[in-house]
Structures are given as C-alpha cells and as structure tokens.
Amino acid sequence: MKFDMTKTNVGTTDRLIRFLLGALLIYGAFRSQNWVSGVIGAVLIGTAYLRVCPAYKAFGFSTDKGAADADTKELTAAGK
C-alpha cells in the first residue's frame, strides 16, 4: 500500500472540527495534566493543518470534495 501525502483527504468542515476538538483536548491536558489527551489533540491539529489523515488513506475514505472529484477524473481517464 502506497501513501501519497500530496493528495488531501480532509475537507473544510472536517478540518474545523479537528482543530476545535484538538484545541479543547490540549486545553484539557493542561488543566488536568493528562498528557495523553494533549498528544491526541496535537495529532488532530496536525492532521487539520496538513489536510491529510493516514487512517482515512488506509481505508480509502475522504471528506475532501475537491480530492474526490480529482480521483474520479483520474479513474475515468485511466479507464478510457
């Protein structure tokens, strides 16, 4: 399985949710001194910033409508 990190798979709404949830988890980590939630929050913010989620790639899932359209065009062109 090859991961192409140049193709995004995290859409705009998904990015916003990831960023907000990540910020809340990091805030909670500082308040409760729970480093695990801080790490999870940092991962969520990182995937929101990069617009790439490795778990989404592993399962072939995408919330990015622009990337989904590009993949469809690519498959159509390869099939002709």
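Is R51 buried, partly exposed or exposed? With a relative accessibility of 22%, R51 counts as partly exposed, and the legends below, which describe a predicted model, come back to this residue after an overview of the chain.

**View 1. The whole protein chain is built from four helices and zero strands.** Read from the N terminus on, the elements follow the order α-α-α-α. The chain has 80 residues, of which 24% count as buried. Its accessible surface comes to about 6,000 Å², and 68% of that surface belongs to carbon and sulfur atoms. Among the contacts with a separation of 6 or more, 69% are accounted for by residues 24 or more positions apart.

**View 2. Helix α1 places its buried residues on one face.** The residues of α1 that are buried are D14, R18, G22 and A29. Seen down the axis of the helix, the buried residues fall within an arc of 60°, and therefore they line one face of α1. The cover over these buried residues includes α2 and α3. On the face turned away from the buried side, α1 carries the exposed residues T12, T13, L16, I17, L24, Y27, F30 and R31. The 21 residues of α1 should span 30 Å at 1.5 Å a residue, and this agrees with the end C-alpha atoms, which are 30 Å apart.

View 3. An α-helix has 3.6 residues a turn, so residues three or four places apart point the same way. Both partners, D14 and R18, are buried.

**View 4. The loop between α1 and α2 contains Q33, a residue with a positive phi.** Helix α1 covers residues 12-32, and just after it Q33 takes a phi of about 55°, although Q33 is not a glycine. Because its relative accessibility is 73%, Q33 counts as exposed.

**View 5. A nonpolar patch on the surface is formed by W35, V36, V39, I40 and V43.** Together these residues have about 500 Å² of accessible area. One of them, I40, is found in helix α2, which comprises residues 35-50.

**View 6. A salt bridge between two loops joins the side chains of D64 and R51.** The N to O distance of this pair is 3.5 Å. D64 lies in the loop between α3 and α4 (65-79), whereas R51 lies in the loop between α2 and α3, so the pair ties together parts that are 13 residues apart in sequence. D64 counts as buried at 10% relative accessibility, while R51, with a relative accessible area of 22%, is partly exposed.

**View 7. The backbone at R51 has a positive phi, in a residue other than glycine.** The value is near 65°, and the place of R51 is in the loop between α2 and α3 (54-59). This residue, R51, is also the partner of D64 in the salt bridge of the previous view.

Conventions. Residues numbered from 1 in each chain as written. Predicted model: local features only at pLDDT ≥ 70, side-chain atom pairs only at ≥ 80, totals over all residues. Heavy atoms only, no water. Patch = residues over 30% accessible without salt bridge, like charges linked within 9 Å, V, L, I, M, F, W, Y side chains within 5 Å. Areas by Shrake-Rupley, 256 points an atom, 1.4 Å probe, with all protein chains shown as cover. Salt bridge = Lys/Arg side-chain N within 4 Å of Asp/Glu carboxyl O. Buried < 20%, exposed > 50% of the residue type's maximum accessible area, 1.4 Å probe, protein only. Expected span 1.5 Å × (residues − 1). Arc of directions from axis to C-beta. Contact = heavy atoms within 4.5 Å.
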